[in-house]
Amino acid sequence: MKILVIEDDPKATTLVVKGLREHGHDVDHVGDGAAGLKKALSGQYDVLIVDRRLPSHDGMLIVRALRATGNDTPVLILSALGSLEDRLYGLRNGGDDYLTKPCSLGELIARVEILGRRRMPPAEETRLKVGDLEMDLLARKVKRAGRSIELHPREFKLLEYLVRNAGNVVTRTMLLENVWEFHFDPQTNVIEVHIARLRQKIDKDFSVPLIHTVRGSGYCLRA
C-alpha cells in the first residue's frame with residue numbers, strides 16, 4: 001500500500017516509517033500539517049496516519065478538510081491525546097481508527113493493513129471450478145478431471161457464463177444478452193448449436209454430464 005505519515009515527532013516518525021517499509025509498504029512522510037493536507041488531498045494514498053498536534057494545522061483539521069471534499073481515504077489517528085473524550089472526538093470527526101502514543105508497532109501496522117484492505121476492491125476471481133471442471137480465466141484454459149479441453153473463444157465465454165451461474169437455470173434470452181450481447185431473436189438457433197458443441201467437448205467422454213437442459217426454461221450447469 002501507499003501510506004502517508006503526517007507526524008512531527010522525529011522518534012515516532014522513524015519508528016513508524018521504518019516498520020511500515022519493512023512490511024513492504026511505500027511510505028511518504030510530512031512533518032507539517034499544511035503540507036500534509038496538500039499531499040493527502042492528492043488522493044494517491046491508500047491509508048493516512050495523522051498526528052493531532054502538528055505545526056501549522058491541527059491533525060483533526062486535516063481530517064475534517066479531507067472529508068469535506070469527499071476524500072474517503074482511511075485515516076488512523078496517532079496521538080498522545082488518549083482520553084476517552086479525545087478518542088471519541090477523533091472517531092466522530094472523520095477518523096477511521098485511533099491509537100494512543102506510545103503504542104505497539106505491530107498493532108499499528110496491523111491496524112493500518114486492516115484499514116487498507118477495507119478500501120481495496122476484492123480481487124477478481126481468475127479460477128472457476130464446478131465438480132471436476134476447472135477454468136483458468138487468465139490462461140484461457142479448461143480442464144475436466146485433469147484432461148485439457150480446447151475451446152473456441154465463443155465456447156469459452158459460453159462455458160464461463162454457465163459456470164458462473166452454476167446450479168441456476170439460465171434462459172436463452174440471458175445467454176443471448178450476456179454471451180452474444182444482442183437481444184432475443186426467437187428464430188435463431190445459435191445457442192442450441194453452441195450448447196451441442198460444448199457438450200461434445202465437456203460431457204461426451206465423461207460418465208456424469210455437467211450441462212443439463214431444463215425443458216421449457218433453458219440450461220443449467222451443475223455437478
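**Exercise 1. Helix α2**

Which residues of helix α2 (residues 33–40) are buried?

*Solution.* The model under study is a predicted one.

Step 1. Gly33, Gly36, Leu37 and Ala40 are the buried residues of α2.

**Exercise 2. Asp32 at the end of α2**

*Solution.* Step 1. Asp32 is located in the loop between β2 and α2.

Step 2. With neighbours within four places in sequence set aside, Asp32 is in contact with Ile6, Pro55 and Ser56.

**Exercise 3. Helix α3**

Describe the buried face of α3 and the two ends of this helix.

*Solution.* Step 1. The buried residues in α3 include Gly59, Met60, Ile62, Val63 and Leu66.

Step 1. Seen down the axis of α3, its buried residues fall within an arc of 155°, so they line one face of the helix.

Step 2. The elements packed against the buried residues of α3 are β1, α2, β3, β4 (75–79) and α4 (84–92).

Step 3. At the start of α3, a side-chain oxygen of Asp58 comes to within 2.8 Å of the backbone nitrogen of Met60. Just after α3, Gly70 adopts a positive phi of about 90°.

**Exercise 4. Asp97**

Is Asp97 buried or exposed? State also which side chain it meets in a polar contact.

*Solution.* Step 1. Asp97 belongs to strand β5 (residues 97–100).

Step 1. Its relative accessibility is 17%, so Asp97 counts as buried.

Step 2. The side chain of Asp97 makes a polar contact with that of Arg111, at 2.9 Å.

Step 3. Beyond neighbours within four places in sequence, Asp97 is in contact with Val75, Leu76, Ile77, Leu91, Arg111 and Leu115.

**Exercise 5. Packing of α7 and α8**

Characterise the packing of helix α7 (residues 172–180) with helix α8 (residues 190–202).

*Solution.* Step 1. Two packed helices are described by the angle between their axes and the distance between the axes.

Step 1. For α7 and α8, the angle is about 80° and the axes are 10 Å apart. This makes α7 roughly perpendicular to α8.

Step 2. From α7, Arg172, Leu175, Leu176 and Trp180 meet Val190, Ile191, Glu192 and His194 of α8. The residues of this contact divide into five nonpolar, one polar and two charged.

**Exercise 6. Backbone geometry**

Locate the cis peptide bond at Pro102 and describe the positive phi values of Ser56 and Ala145.

*Solution.* Step 1. Most residues other than glycine have a negative phi, and most peptide bonds are trans.

Step 1. Lys101 and Pro102 are joined by a cis peptide bond, with omega about -5°. Pro102 lies in the loop between β5 and α5 (105–119).

Step 2. Ser56 has a positive phi, near 75°, and is found in the loop between β3 and α3. Its relative accessible area is 53%, so Ser56 is exposed.

Step 3. Ala145, also not a glycine, has a positive phi of about 55°. Ala145 occupies the loop between β8 (141–144) and β9 (147–149), and at 53% relative accessibility it counts as exposed.

How values were computed
Residues numbered from 1 in each chain as written. Predicted model: local features only at pLDDT ≥ 70, side-chain atom pairs only at ≥ 80, totals over all residues. Heavy atoms only, no water. Axes fitted to C-alpha atoms, helices over the stretch in contact; angles between N-to-C directions. Helix = DSSP H or I, 4+ residues; strand = E, 2+ residues; numbered from the N terminus. Parallel < 35°, antiparallel > 145°, perpendicular 65-115°, else oblique. Contact = heavy atoms within 4.5 Å. Nonpolar A, V, L, I, M, F, W, Y, C, P; charged D, E, K, R; others polar. Buried < 20%, exposed > 50% of the residue type's maximum accessible area, 1.4 Å probe, protein only. Polar contact = N/O pair within 3.5 Å; in protein donor to acceptor, adjacent residues only side chain to side chain. Arc of directions from axis to C-beta.
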